[in-house]
Amino acid sequence: MDKWMVMMAIVCVALLTGCGKSAGEGESASGESKDAKAVKTESTEVQDGNESAEVDDAVSEGIGLIASKWKKTPITVSPKGAKANINDFAQAFCGQYGSYEPNEKILKYLADPKAYNKEDEVYSVTSDVSNGYISSIQLTEIDRFTKMCYRNRKNGHSLVGVFMVYGSENAESESAFMFYDYDPKTNIMTPDLDVCQVVEKVALNKDFEDYALELPQQGKDIVVKLYSDNGDDGYDITEMTLKWTGDTFILVAG
């Protein structure tokens, strides 16, 4: 009987040890899951190379996640005034996709613009409400940013555009753009796939290696820059202009 009790005690200890290991693999000491931590980013420099790579992966996954979800995800806007402005659109969009660091900085800026310190945050945020433009740009040689603008449509709606870039020292940059139709009656930004397709036909040209969108702070047209390898460790740039019609964009010939 004593031997049987000893064996049962050993089995119980083994089972308890196994459950503890399983919880440890899925959560940190604070109880936060690894998956939840994976989308967080850091604004300070990380000294260890492996940790730096993990941070890069986390931010990259953030922009990839947004690119994979946005077309099926309407966003509700909460205007602070009688009419929604660029800060309201940015609050809504960045609140939906706050895991991407440039979006996180916009949210922090909008929460208290006077208290926001770009040197501490390593991001400069520009909010130009009168021109319908906002941007969050990392203050390093690497391109990492979110830029947004909107234009009023003839039907009383607004077209909201977003362009994001995640650059890295160790890999090619990732880009994503999206467009939303905002209905002031419902306060909902709905993905505008028609406008997206117009821009895709120009920006995602397979004859070029990369592209960039210049969402205007001044003016209404979008300039698309297309990059082609010139064979001399550099790129030739071809510029295309997408002219605003009051509802969508059309490519300007020549």
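Me: Helices and strands here are DSSP runs, numbered from the N terminus. How many helices and strands does the protein have?
Reply: The model is a predicted one. A run counts as a helix with at least four residues and as a strand with at least two. By that assignment, the protein has seven helices and eleven strands.

Me: What share of the residues in the protein is buried?
Reply: A residue is buried when its relative accessible area is under 20%. The protein has 254 residues. Buried residues make up 37% of them.

Me: Is Asn103 buried or exposed?
Reply: Asn103 belongs to helix α5, which covers residues 101-111. Leaving aside neighbours within four places in sequence, Asn103 has contacts that include Ile66, Phe93 and Met164. Its relative accessibility is 0%, and the limit for burial is under 20%, so Asn103 is buried.

Me: How many residues apart in sequence are the parts that Lys71 and Glu200 tie together?
Reply: Lys71 and Glu200 form a salt bridge, with their closest N and O atoms 3.6 Å apart. Lys71 sits in the loop between α3 (49-69) and β1 (75-76), whereas Glu200 is in helix α7 (residues 193-203), so the parts they tie together are separated in sequence by 129 residues.

Me: Are Asp192 and Arg153 buried or exposed?
Reply: The side chains of Asp192 and Arg153 form a salt bridge at 2.9 Å, N to O. This pair links distant parts of the chain, with Asp192 in the loop between β7 (188-191) and α7 and Arg153 in the loop between β4 (144-152) and β5 (158-166). Both residues are buried.

Me: Which strands hold Glu214 and Lys225?
Reply: A salt bridge joins the side chains of Glu214 and Lys225 at 2.9 Å, N to O. The two residues are eleven residues apart and link distant parts of the chain, Glu214 lying in strand β8 and Lys225 in strand β9.

Me: Which residues gather in a patch of negative charge on the surface?
Reply: Patch members need over 30% relative accessible area and no salt bridge. Asp229, in strand β9 (residues 222-229), has a relative accessible area of 48%, so Asp229 passes the area cut-off. The residues in the patch are Glu172, Glu209, Asp210, Asp229, Asp232, Asp233 and Asp236.

Technical notes. Residues numbered from 1 in each chain as written. Predicted model: local features only at pLDDT ≥ 70, side-chain atom pairs only at ≥ 80, totals over all residues. Heavy atoms only, no water. Patch = residues over 30% accessible without salt bridge, like charges linked within 9 Å, V, L, I, M, F, W, Y side chains within 5 Å. Areas by Shrake-Rupley, 256 points an atom, 1.4 Å probe, with all protein chains shown as cover. Salt bridge = Lys/Arg side-chain N within 4 Å of Asp/Glu carboxyl O. Lys, Arg positive; Asp, Glu negative; His and termini not counted. Charge placed at Lys NZ, Arg CZ, Asp CG, Glu CD. Buried < 20%, exposed > 50% of the residue type's maximum accessible area, 1.4 Å probe, protein only. Contact = heavy atoms within 4.5 Å.
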